[in-house]
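I opened the model and kept notes as I went. The entries below follow the order in which I looked things up.

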Amino acid sequence: MSRKSREGKRRRQARSGQQPPTVRVSSEYRRNIRQADDILSKEGIEIQPDNWQQLALDWFAPQEPERSELARYIADHAHRLGIPWARELLRLEVFFQGEDYEQIIAHHERAFSRYPRCALVEMWVADQVFRHAGDFWRARQMYRYAIEHFPTHVKPHYELGFMSYLLGDFVGALGWFDHAAERVADDDVEMAARILYNRGIVRYLVEGDSKAAITDMEQALKHKPDYPQAKEALCGLRGKMSWVPW
Amino acid sequence: MVDSRPTLTTKSYWIPTKVAGERLFWMSLEFSLNRPLKKGQPSIAEMALSSGSVDEALLGLPSVVPPKIRKEAQRLLRPWLDSRYTGAYGRSGGILNVFTPPWGELQDEVWAEMVAGWESKAFADDRARQEALRALERQWNTTPHPFFAGLSPAQVMVGGGPQEAELADEFLEHLTRLYDGCPFESEGQALVKTLTLLRRWQSQRRKDGRMVLEIIVAERNELMARRARVLHELGGSR
């Protein structure tokens, strides 16, 4: 599931306070925290001893399988978490909805280092570290941590596959995409299509196996019929046009 | 009189990150050091190897080359260690690796796994244990590494040659044409786009039917073979 599926009113509100990507100074960080608190306040959020767990779950992980994972984390570490932790998590969610990657990374570094590592949080923050900060190695560690503690989730496997591809490690990428294909839910059509498309490409590059790659492309298009890259790749693999992988 | 000494030419390219710019400079320097001064003559890298003097070999550089570049060249021409080629972490790795965010021993999952395997094994004595470690180091040196885009650390150490330099120019010009002036949301986004383009480009077959990786590996292997010949002629390794 993509976090983008949770965009909406709160995202637009947060966006209005978004700053251009520059080095964040402490005062700017604090200003963004105040803005996040304003947004939470306008939403009528009051974090109390009897609702902090529920709010954390409803805001940060409304859907499965993330919800169960976060619930498990809270149960394991409840004595070290509590209202302050829930407040930081809700702020983080506001920054996610505002797609403010610098603030997401800064907030994760500043606010969460005092709590036990949470695989779910690391998995989502890793995306920003990888795709926006370009810090592949830090993101790689975070995804690996997520896999270690949340092995059933498809996302870190897929992201490590893509990262391996970018590093020029096509064999490694194929392994990660295989793992991702084993884990993706049938109803997660967007992710399933992306995994199969990418696996088909890498399989063709590594093994030269156009039959298997064609099967992957066909499956990708079953999940997502409107997928121009997969259509183009399928034509290319069938030899109907001049085509290069990716 | 024609000055046939090697020259360092500067070109302007769009690059996604500041650190890639620095590595691009190393890459160009590696290419320069491996380029023969004249056809059939040795390169500066080979001269350094055969004379045993980096300073002497660097006399071949034009006098206008600034001290900073000379210092960097000295670093690149240092004799390789007999053990593990850890210097590879600090090389550009050529066009296939120049955009990869810098990494080193801490990130090297391959070496970590090899060491873990070695540590878990029982050996007859300390000598056998050390010999096994040396064998592992040699294995690491010559095995294609996933984080070096399939090059081995030895192939990274030797640097790229004239063919790779041409290929690199081709890619960098293509990259610049495509992305110069494009607004990117972040440095990371620019980096991901660049690497995606690079991997697509390297997967294309050239006129001779070979892929870019195959051309680069073949040239680097040739440079290693020349290096080995020089060392052989000297009657020992350095």
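I started with contact range in chain A. Among contacts between residues at least 6 apart in sequence, 55% join residues at least 24 apart. I note here that this is a predicted model.

Next I looked up the secondary structure of chain A. I found 13 helices and 0 strands. Read from the N terminus, the elements of chain A run α-α-α-α-α-α-α-α-α-α-α-α-α. I then checked burial. Chain A has 246 residues, and 48% of them count as buried.

**Entry: a helix pair in chain A**

I picked α7 and α8 of chain A. Helix α7 covers residues 119-131 and helix α8 covers residues 136-149. They pack at an angle of about 155 degrees, and their axes are 8 Å apart. Angles over 145 degrees count as roughly antiparallel, and α7(A) and α8(A) are therefore roughly antiparallel to each other. I logged the crossing of α7(A) and α8(A) as left-handed.

Which residues of α7(A) and α8(A) make the contact? From α7(A) I listed A:Ala119, A:Glu122, A:Met123, A:Val125, A:Ala126, A:Val129 and A:Phe130. From α8(A) I listed A:Phe136, A:Arg138, A:Ala139, A:Met142, A:Tyr143, A:Tyr145, A:Ala146 and A:His149. By class, the residues of this contact of α7(A) with α8(A) are 12 nonpolar, 1 polar and 2 charged.

**Entry: chain B overall**

I moved to chain B and found 10 helices and 0 strands. Along the sequence, the pattern of chain B is α-α-α-α-α-α-α-α-α-α. I looked up the radius of gyration of chain B, which is 19 Å. The globule rule gives 18 Å for 238 residues, so chain B is as compact as a globular protein of that length. Along the principal axes, the C-alpha atoms of chain B fill a box of roughly 60 × 50 × 40 Å.

Buried residues make up 31% of the 238 residues in chain B. Among contacts between residues at least 6 apart in sequence, 67% join residues at least 24 apart.

**Entry: a helix pair in chain B**

I took α5 (residues 109-120) and α6 (residues 126-142) of chain B. At what angle do α5 and α6 of chain B pack? The angle is about 160 degrees, with the axes 11 Å apart. I therefore recorded α5(B) and α6(B) as roughly antiparallel to each other. The crossing of α5(B) and α6(B) is right-handed.

On the α5(B) side, the contact is made by B:Trp111, B:Met114 and B:Trp118. On the α6(B) side, I found B:Ala132, B:Leu133, B:Leu136 and B:Trp140. The class tally for the contact of α5(B) with α6(B) is 7 nonpolar, no polar and no charged.

**Entry: B:Gly52**

I checked one loop residue. B:Gly52 sits in the loop between α2 (44-51) and α3 (54-58) of chain B. Is B:Gly52 buried or exposed? The cut-off for exposed is 12 or fewer neighbours. With 11 C-beta neighbours inside 10 Å, B:Gly52 counts as exposed. I also looked up a separation: B:Gly52 and B:Pro79 are 27 residues apart in sequence and 8.8 Å apart in space, C-alpha to C-alpha.

**Entry: where the chains touch**

Last, I looked at the contact between the chains. Chain B gives 22 residues and chain A gives 20 residues. The side of chain B that touches chain A has 9 nonpolar, 10 polar and 3 charged residues.

How values were computed
Residues are numbered from 1 along each chain as its sequence is written. Chains are lettered from A and ligands numbered from 1 in the order in which they are written. This is a predicted model: local features need pLDDT of at least 70, side-chain atom pairs count only at pLDDT 80 or more; totals for chains, interfaces and linings use all residues. Helices (H or I, at least four residues) and strands (E, at least two) are DSSP runs, numbered from the N terminus. The radius of gyration is taken over C-alpha atoms; the globule rule is 2.2 Å times the number of residues to the power 0.38. A residue is buried if 20 or more other C-beta atoms lie within 10 Å of its own, exposed if 12 or fewer, and partly exposed in between; C-beta atoms are placed from the backbone. Two residues are in contact if their C-beta atoms, placed from the backbone, lie within 7 Å. Axes are lines fitted to C-alpha atoms, for helices over the stretch in contact, and angles run from 0 to 180 degrees between N-to-C directions. Angles under 35 degrees count as roughly parallel, over 145 as roughly antiparallel, 65 to 115 as roughly perpendicular and the rest as oblique. A crossing is left-handed if the near helix is turned anticlockwise from the far one by less than a right angle, and right-handed if clockwise. Ala, Val, Leu, Ile, Met, Phe, Trp, Tyr, Cys and Pro count as nonpolar, Asp, Glu, Lys and Arg as charged, and the others, Gly among them, as polar.
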